[in-house]
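Student: Hi! Could you walk me through this one?
Tutor: Happy to, let's take a look together.
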Amino acid sequence: MSKVFLGDVAKERKETCKVSKNGYPIVGLEHLIPEEINLSAWDEDKENTFTKIFRKGDVLFGRRRAYLKKAAVAPFDGICSGDITVIEAIPEKIQPELLPFIIQNDAFFNYAINKSAGSLSPRVKWEHLKNYEFELPDMDKQRELAKVLWAMDATKRSYQKLLQKTDELVKAQFMDKFVIGNSYPRKQLGEYIEQVRGVSYKPADIRTTLNENSILLLRANNISSGRINHFDVQYVAREKVSGEQIIRLNDILMCASSGSIDHVGKAAICERDAVGETFGAFCKLIRLKGELLPKYIATYFETDEYRKIIMQLACGSNINNLKTEHIDNLMIPIPPIEVQEQFVAFVRQCDKSKLELEQALTELNATYKKIISDNLT
């Protein structure tokens with residue numbers, strides 16, 4: 001093996017679209033998923049100002065806020081945001097199939113973070129990225145590594161699909177049991193909940209560390225796949241937070257305002273003692289007052305019926321907003337508490353299966369990262 005610079009084996013694609021953009025898929029930073037090497041979302045036939053061209057097989061690297069660890073392989077030709085650096089392999093210097101794993105790894109992201117400039121929205125330039133130095137084996141070893149890593153990635157996606165299928169089973173059971181196959185009375189959700197508005201703050205209120213004068217701040221981007229993640233968290237001055245804005249066990253955190261209609265209304269249950277955490281102004285808390293179980297109502301927030309209602313109510317021109325009355329006026333089925341408990345028991349069994357899958361996925365990821373660390377850093 002020998003040490004090389006990224007710029008020795010890859011280059012930035014600087015091609016721009018100078019004709020009609022019709023027919024080109026559109027990729028923005030929001031389509032890149034942290035630590036996910038496969039591109040699974042994009043827009044088509046949508047108005048945009050992007051002109052940067054990428055080609056199938058290029059690596060799309062999110063150069064803004066590199067700490068989010070966004071980099072994915074392009075499965076087709078398209079157009080992307082200027083905040084994405086398009087990286088093209090030099091085939092005679094490196095196996096193109098291996099390049100994505102050099103980019104999508106912790107060592108590279110740490111390097112990119114250190115080279116980023118800017119306070120609120122740091123960005124890194126290709127001029128810095130190209131000087132990233134790493135170990136690169138010979139071509140035969142590169143082919144072997146690429147084959148192993150892509151096989152591991154395929155297994156990872158299989159686990160992820162099983163997790164998705166489990167979530168779909170829970171939603172289908174909810175619809176069959178409470179919406180389609182039964183006639184439980186429907187009442188306004190507002191009778192059973194209180195809504196808590198998020199913390200309003202200014203940039204001067206943001207803190208860089210957690211201490212007695214600050215508190216962890218969750219925002220809309222921390223709600224994903226029905227769960228609360230702790231990617232890209234911030235800290236806010238404790239004096240800005242009221243007592244009711246401290247997250248409690250079994251509260252439901254909801255995205256109340258977003259530029260993406262697909263994200264507004266997304267919700268996740270707080271299943272741990274989250275004392276010491278609060279939430280921003282683009283979110284709200286749904287706090288139950290009894291008669292409805294948290295798992296029951298959190299599952300309702302995942303159903304297609306709910307999503308269709310939200311898409312109609314919250315849709316705006318630039319920002320999509322979910323108002324207090326939108327949630328209070330939702331007419332939801334109210335089954336007896338013992339029926340809810342039976343359903344929650346089923347959900348918890350599904351969660352147990354998901355936990356086993358997630359543990360297997362965690363172990364696979366650890367092995368995957370070790371192979372990259374041992375051979376490509």
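Student: Which residues does Ile215 touch, not counting residues up to four places away in sequence?
Tutor: Ile215 touches Leu210, Gln234, Tyr235, Val236, Arg238, Val241, Ile246, Gly276, Glu277 and Thr278, where contact means heavy atoms within 4.5 Å. This is a predicted model, where local features need pLDDT of at least 70, side-chain atom pairs count only at pLDDT 80 or more, and totals for chains, interfaces and linings use all residues. Residues are numbered from 1 along each chain as its sequence is written, and side-chain values use heavy atoms, leaving out hydrogens and water.
Student: Is Ile215 buried or exposed?
Tutor: Ile215 is buried because its relative accessible area is 0%; buried means under 20% with a 1.4 Å probe, protein chains only.
Student: And which strand is Ile215 in?
Tutor: Ile215 sits in strand 13, residues 214–218; strands are DSSP runs of E with at least two residues, and helices are runs of H or I with at least four, numbered from the N terminus.
Student: How far is Ile215 from Ala172 in space?
Tutor: They are 38 Å apart, C-alpha to C-alpha, and 43 residues apart in sequence.
Student: New topic: where does Gln95 lie?
Tutor: Gln95 is in the loop between strand 8 (84–89) and helix 2 (99–103).
Student: Buried or exposed, that Gln95?
Tutor: Gln95 is buried, since its relative accessible area is 14%.
Student: What is Gln95 in contact with, leaving aside its neighbours within four places in sequence?
Tutor: Gln95 is in contact with Met139, Gln142 and Arg143.
Student: Great, thanks!

Methods:
Buried < 20%, exposed > 50% of the residue type's maximum accessible area, 1.4 Å probe, protein only.
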